[in-house]
Amino acid sequence: SSLSLVREAMGPGQQLRRHIPPALFLLALVALLLAAARPLAVITLPSQDQTIMLAMDGSGSMRAADVEPDRITAAQNAAKAFIAELPRHVRVGIVAFAGSAQLAQLPTQSREDLVKAIDSFQLQRGTATGNGIMLSLATIFPDAGIDIAALGGRQAMRPRPIEELGKQQDPAKTFTPVAPGSYNSAAIIMLTDGQRTTGVDPLEAAKWAADRGVRVYTVGVGTVQGETIGFEGWSMRVRLDEETLKAVAARTNAEYFHAATAADLKKVYETLSSRLTVEKKETEISSLLALLGAVLALVAVGLSVWWYG
């Protein structure tokens, strides 16, 4: 008796509504068919087994005050903040290097032990950046045959051929290099403010890390121009060797960061925290597609019953 009701029933909105439930049901069938094919995809997931080695410079140049209040204090504060923000399941180890490298703390989940190790740093002469990397690798791979005693002792005060560091490795174990950056269970963060003056060549140490798939993220503290400071009666010019730090990071498929201020250093650690606590994995996504198909089918049926009974 009313043409307005007929017009409303035959309007464009009603015609569009007729096609929505079948379209959703068709999409549900497509998702279920794809799920049956068991597809794989690379997705980002939280890391479940992660070890991070902090290799921190403890040379005399770290007392320079161009980073407030001084380089070593700013580095310690940033490192403690970095550790506090990491998930509790992530293990952290600490290596302190100057003229030689020393293991300040074995990898642990105890944040209290890590803070004590960071606060116990004592500045010394010399900068053995390569030794810091090698000792970190020796801690990650205790069976790799790296001579930790030589790295931590007086023998590390002179350059040694990189081949000598692995001479005690079991000859029955053959080592096969892997792709740089492919080892997702551990990473090294090296923080330094100067250039290498003794010990193992950092580029050779980076090659060892790259062959084992371990990324070495390098953080340069201070200025490239450098400055002159006094330490234990010595006057020295300290300069940031950015080229070497960039080369170390590039060789291990990692990144280099420059921190000219304490705020910059904190931001660097925040960035590293977000990147090192996740990993990319190739995993089957059949369950996700099946869930999507089920949801679409339920929505299609629900709309059909609601609109058309």
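Begin by selecting strand 2 and strand 5 (residues 186-192): the two run parallel and are joined by six bridges. Helices (H or I, at least four residues) and strands (E, at least two) are DSSP runs, numbered from the N terminus, and two strands pair if DSSP finds at least two bridges between them. The model is a predicted one, in which local features need pLDDT of at least 70 and side-chain atom pairs count only at pLDDT 80 or more, while totals for chains, interfaces and linings use all residues. Residues are numbered from 1 along each chain as its sequence is written, and side-chain values use heavy atoms, with hydrogens and water left out.

**The whole chain**

Display the entire protein chain, which contains eleven helices and ten strands. Of its 309 residues, 45% are buried; buried means under 20% relative accessible area, exposed over 50%, and partly exposed in between (1.4 Å probe, protein chains only). Among contacts with a separation of 6 or more, 80% are between residues 24 or more positions apart, where contact means heavy atoms within 4.5 Å. The chain exposes about 15,900 Å², and carbon and sulfur atoms supply 57% of that area. Such areas come from the Shrake-Rupley method with a 1.4 Å probe; for residues, only the protein chains shown count as cover.

Now select residues 51-57, which form strand 2; seven of the seven are buried, so the strand is largely enclosed by the rest of the structure. T51, M53, A55 and D57 point one way, whereas I52, L54 and M56 point the other way.

Which residue of strand 3 does A55 stand opposite? That residue is V95. Include helix 3 (residues 71-85) as well: strand 2, helix 3 and strand 3 make a right-handed β-α-β unit. A crossover is right-handed if, with the strands pointing away from the viewer, the path from the first strand over the helix to the second runs clockwise.

Return to strand 5, where I189 stands opposite L54 and M190 stands opposite A55.

Keep strand 5 selected. Seven of its seven residues are buried, so this strand is largely enclosed by the rest of the structure. A186, I188, M190 and T192 lie on one side and A187, I189 and L191 on the other, so that both faces are covered.

Next, select strand 6 (residues 215-221), which runs parallel to strand 5 and is joined to it by six bridges. Here M190 stands opposite T218. With helix 8 (residues 202-211), strand 5 and strand 6 make a right-handed β-α-β unit.

**Helix 4**

Select residues 111-119, helix 4, in which R111, L114, A117 and I118 are buried. Seen down the helix axis, these buried residues fall within an arc of 120°, so they line one face of the helix; the arc is that of the directions from the helix axis to the C-beta atoms. They pack against helix 3, strand 3 and strand 4 (101-108). On the other side of helix 4, E112 and K116 are exposed.

**L298**

Finally, select L298 in helix 11 (residues 286-308). Is L298 buried or exposed? Its relative accessibility is 65%, so L298 counts as exposed.
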